[in-house]
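Let's take a walk through this two-chain model together. Have the coordinates open as you read.

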Amino acid sequence: MKIIHYFWKQVKEGLADIFVVWRDEFSLVIHDAAILMLFIAAPLLYPVVYSLIYSHEVAREAKMVVVDQCNSPETREFRRMCDATPDIEVVGLCANMQEAQEALRRREAYGIMVFPRNFSSALANKEHAYVQLYSDMSSLLYYKCFLLNLTEVSLKMNKDIQIQDMSNATGREEEIATTPIEYEEVAFFNPKSGFASFLIPGFLMLLIQQTMIIGICALAGSIYDKKQYHVLEPIMRHKRGSFRIIFGKALCYMMFYGLMSAYLLWVIPWMFNLPRMGDPWNIVAFMLPYLAACIFFGMSVSVFIKEKETAYVLIVASSLIFLFISGLSWPAAAVPWYWKALSYFFPSTFGLQGFVKINTMGATIPDLQTEGIGLIVQICVYFLLSTLVYRYRVMKACA
Amino acid sequence: MVMMREWRQIFSRKLYIVSMVILPLFFIGFFLTLMQDGLPKDLPAAVVDMDQSSVSRRLVRQLDAFKQTKIVAHAKDFSEARKMMQRGEIYGIYYLPENFERDVLSFRQPKVSFYTSNSFIVAGSMLFRDMKTISILGSAAVERELRLAKGQTMEQAMIDLQPIVVETHPLGNPQLNYAVYLCNVLLPGLLSVMIVLLTVYALGVEVKEMRSRKLLDMVDDDILSVMVGKLLPYTLTFMLMATFYDVVLYRFMGFPCHNGLPNMLLNSLLLVLASQSLGVFLYSLVPIMSISLSLSAFITMLSFSISGFTFPVGEMPGLLQTWANVFPLRHYFLIYANNGLNGYSSYYVWGSYVAMLLYLFLPILVSIRLRNVYRYDTYKP
């Protein structure tokens with residue numbers, strides 16, 4: 001009986017402590033404009049701006065000029081077919097190469113297509129006829145448009161030429177003789193190869209982690225700066241006091257980010273028509289550990305932050321490192337092993353991969369073993385680390 | 001005098017050294033080692049070979065021989081391969097149907113299929129290119145055999161196969177090196193992030209530690225000499241880092257820099273100064289440090305996307321195209337692409353040079369406000 005009574009008392013006291021910490025942290029957050037900017041304004045507005053930037057998804061009508069030294073029916077046909085593709089727009093005919101290069105310099109066009117004088121005579125004489133493509137490389141996207149579409153057009157014209165050459169064969173025979181093997185290409189998960197569909201889901205996960213870490217570090221830094229850690233001392237002196245402090249604070253952050261995640265992962269993809277293959281419950285089940293890992297990670301990192309403002313200076317730029325190391329902007333298979341090893345320390349690596357798999361590729365929780373185990377290990381490690389951090393800071397403040 | 005005082009502060013705090021020297025060194029080390037191969041290679045793909053014939057196996061071997069494709073698995077059927085893709089183990093699937101060899105040899109026109117995962121667009125599009133090439137080549141190889149069998153010479157067969165050849169000349173970056181494409185803007189961009197943030201911090205910390213009034217008294221209320229004296233040490237240090245970046249990128253790594261290193265150094269100097277001016281402007285606008293730091297963070301991080309070096313500005317909605325001009329990194333990118341990558345005359349980007357110089361007026365514009373802040377404001381957290 002006594003044991004039950006004792007246990008009950010402990011639970012009551014624990015919950016009361018957690019509540020006090022939660023309430024204090026909550027009031028700290030809502031009275032701090034800078035933190036509200038991080039926790040609410042940034043997640044509300046930033047994804048909208050980013051989605052707008054990439055809203056056209058792909059480059060369309062990349063501008064190109066043509067230097068046609070041959071000007072024959074064949075070259076005109078080739079030009080017309082290029083212009084007819086949705087990706088290329090022929091904006092002008094130039095008399096010579098100098099004129100075309102000038103158009104590139106003035107950024108009126110990003111590519112030059114050149115037909116040499118002997119283009120048609122080469123075709124007639126059964127020699128290779130060359131089309132030269134010059135592309136400005138300041139945008140890889142335009143280069144890709146030119147390359148893919150010119151190749152496509154040349155394949156088509158080549159086939160027509162071969163069929164003309166075999167004038168005595170029947171239609172079906174021609175078809176088979178020019179293409180003995182047919183092929184079919186399918187782009188999974190993001191059929192338009194769109195930039196927004198590819199970048200935004202990962203970006204949202206990164207945004208959650210980054211605003212959260214900066215916010216948590218700024219809060220911790222400002223308490224440290226104002227020398228107010230001793231306020232937590234009475235709770236710390238309780239049994240498992242540091243657990244209660246961590247839980248209380250984590251609960252507060254979880255509340256904000258639970259709401260924001262619903263907006264980020266549900267409203268934003270709906271607003272901008274991004275891939276939404278994931279089952280909502282799977283997303284919820286994945287987000288809870290991700291948010292927890294981010295929170296405890298942030299609390300652990302906060303040991304380095306002694307001032308509210310330094311949180312920004314030191315952490316903001318790391319976003320790009322996380323973006324590249326997580327395998328979104330740079331294929332994970334091409335990340336060197338040492339950076340890959342480092343990447344396992346960050347929740348964003350697993351969060352980003354996992355969310356893209358659920359949201360864009362329709363994976364379910366059982367498919368996400370690596371990510372799930374990774375996040376759970378991170379939660380455990382960072383939870384223990386953060387209790388140590390807070391115990392260290394509170395005790396130091398009281399000493 | 002103000003400058004000496006600032007140097008003393010810089011050396012008294014670890015934060016300055018970390019954010020001006022250590023982090024920038026880490027950034028360049030990170031990105032250059034990450035992209036050391038220039039192009040990602042050996043991207044994992046799976047093959048579903050339902051035929052298992054010598055023709056199909058030869059095609060698969062040829063696909064595996066491409067530098068960027070690595071066949072990591074032979075799946076027994078398509079759904080197994082698809083599961084692998086969903087788990088993120090592979091970015092592409094190449095499917096060869098049953099009776100492939102028989103159908104090829106008997107002219108029944110078999111159909112191969114390839115599937116790429118575009119949720120990771122870089123890897124997906126690279127595999128797409130290799131798989132498409134091998135499909136066309138495979139078709140061409142069969143056709144070539146046919147034509148040779150008909151008594152054509154090899155040369156004539158090749159010409160008949162491909163009468164029109166597209167030859168590409170990627171200007172300035174012939175190897176399509178991703179490091180060239182990304183690092184030359186990413187790294188200066190990261191430096192610019194640090195500059196803006198640190199400028200705001202260095203200005204704000206005076207008010208926070210209640211030293212700003214004394215500082216103004218020291219120079220008889222002359223806010224311009226406060227600005228110059230305070231910011232010059234950062235200009236020098238960051239310019240030193242930018243010079244280091246430029247030397248590593250354009251001398252050591254040999255990235256394209258057609259108009260010479262001094263030309264790029266000028267561009268870097270303009271970026272450093274413009275970023276500092278932006279910092280001064282943002283702090284004076286909202287003299288509450290944590291809020292102006294938040295603003296700086298949003299603006300500088302946005303500049304990576306809106307400067308248009310990955311997704312072209314011309315493809316963004318009209319309003320954003322206009323706003324892109326407000327970001328220093330946009331002009332840095334235009335000047336770099338024009339001068340460094342393409343080697344055109346600076347004349348073609350005179351507008352961007354003017355824009356960079358316009359930033360230098362921002363601090364003058366807000367100087368009176370900054371003086372009042374320094375004179376009367378107290379620290380708000």
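## Confidence

A word on the score used here: pLDDT is the predictor's confidence in each residue, on a scale from 0 to 100. It matters because this model is predicted. In chain A, the lowest confidence falls in helix 7 (residues 171-178) of chain A, with a mean of 63, while helix 11 (residues 280-301) of chain A has the highest, at 94. Chain A as a whole has a mean pLDDT of 87, and 95% of its residues reach 70 or more. Where pLDDT is low, the predicted coordinates should not be read in detail.

Chain B also has an average, and here that pLDDT is 87, with 99% of the residues scoring at least 70. Among the elements of chain B, helix 7 (residues 154-161) of chain B has the lowest mean pLDDT, 71, and helix 11 (residues 261-285) of chain B has the highest, 95. For the complex, the predictor gives an ipTM of 0.89 and a pTM of 0.90.

## A sheet built from both chains

Which strands make up the open sheet, and in what order? There are 5 strands with mixed pairing, in the order 5(A)-4(B)-3(B)-1(B)-2(B). Strand 5 (182-188) of chain A and strand 2 (69-74) of chain B stand at the edges with a single partner strand each, so one side of each has no neighbour in the sheet. From one strand to the next, the twist averages 25 degrees.

Inside this sheet, strand 1 (residues 43-49) of chain B pairs with strand 3 (residues 92-96) of chain B in the parallel sense, over 5 bridges. Along that pairing you will find B:Ala45 opposite B:Gly92 in strand 3 of chain B. Helix 3 (residues 54-65) of chain B lies across strand 1, strand 2 and strand 3 of chain B, and runs at about 135 degrees to strand 2 of chain B. Helix 6 (residues 121-149) of chain B packs on the sheet as well, touching strand 5 of chain A along with strand 1, strand 2, strand 3 and strand 4 (111-117) of chain B. The direction of helix 6 of chain B makes about 170 degrees with that of strand 4 of chain B.

## Where the chains meet

How many residues of each chain take part in the contact between chain A and chain B? The contact joins 89 residues of chain A to 90 residues of chain B. Several elements of chain A each supply at least two residues to its side, including helix 2 (33-53), strand 4 (129-136), strand 5 and helix 8 (195-225) of chain A. The largest share, 12 residues, comes from helix 6 of chain A. By class, the side of chain A that touches chain B has 57 nonpolar, 19 polar and 13 charged residues.

Strand pairing links the chains here too: strand 4 of chain A and strand 5 (residues 164-171) of chain B pair in the parallel sense over 8 bridges. In strand 5 of chain B, B:Leu171 is the residue opposite A:Asp136.

## A helix pair in chain B

Helix 8 (residues 178-208) of chain B packs against helix 14 (residues 328-341) of chain B at an angle of about 145 degrees, with the axes 10 Å apart. The crossing is right-handed. Helix 8 of chain B contributes residues including B:Asn184 and B:Pro188 to the contact, and helix 14 of chain B contributes B:Tyr332 and B:Phe333, among others. The contact residues divide into 7 nonpolar, 4 polar and no charged.

## Domains of chain A

Chain A is divided into domain 1 (11-55 + 193-398) and domain 2 (62-178). Their C-alpha centres lie 51 Å apart.

Methods. Residues numbered from 1 in each chain as written. Chains lettered and ligands numbered in written order. Predicted model: local features only at pLDDT ≥ 70, side-chain atom pairs only at ≥ 80, totals over all residues. Helix = DSSP H or I, 4+ residues; strand = E, 2+ residues; numbered from the N terminus. Pairing = 2+ DSSP bridges. Axes fitted to C-alpha atoms, helices over the stretch in contact; angles between N-to-C directions. Contact = placed C-beta atoms within 7 Å. Left-handed = near helix turned anticlockwise from the far one by under 90°. Nonpolar A, V, L, I, M, F, W, Y, C, P; charged D, E, K, R; others polar. Domains from an automatic or database assignment.
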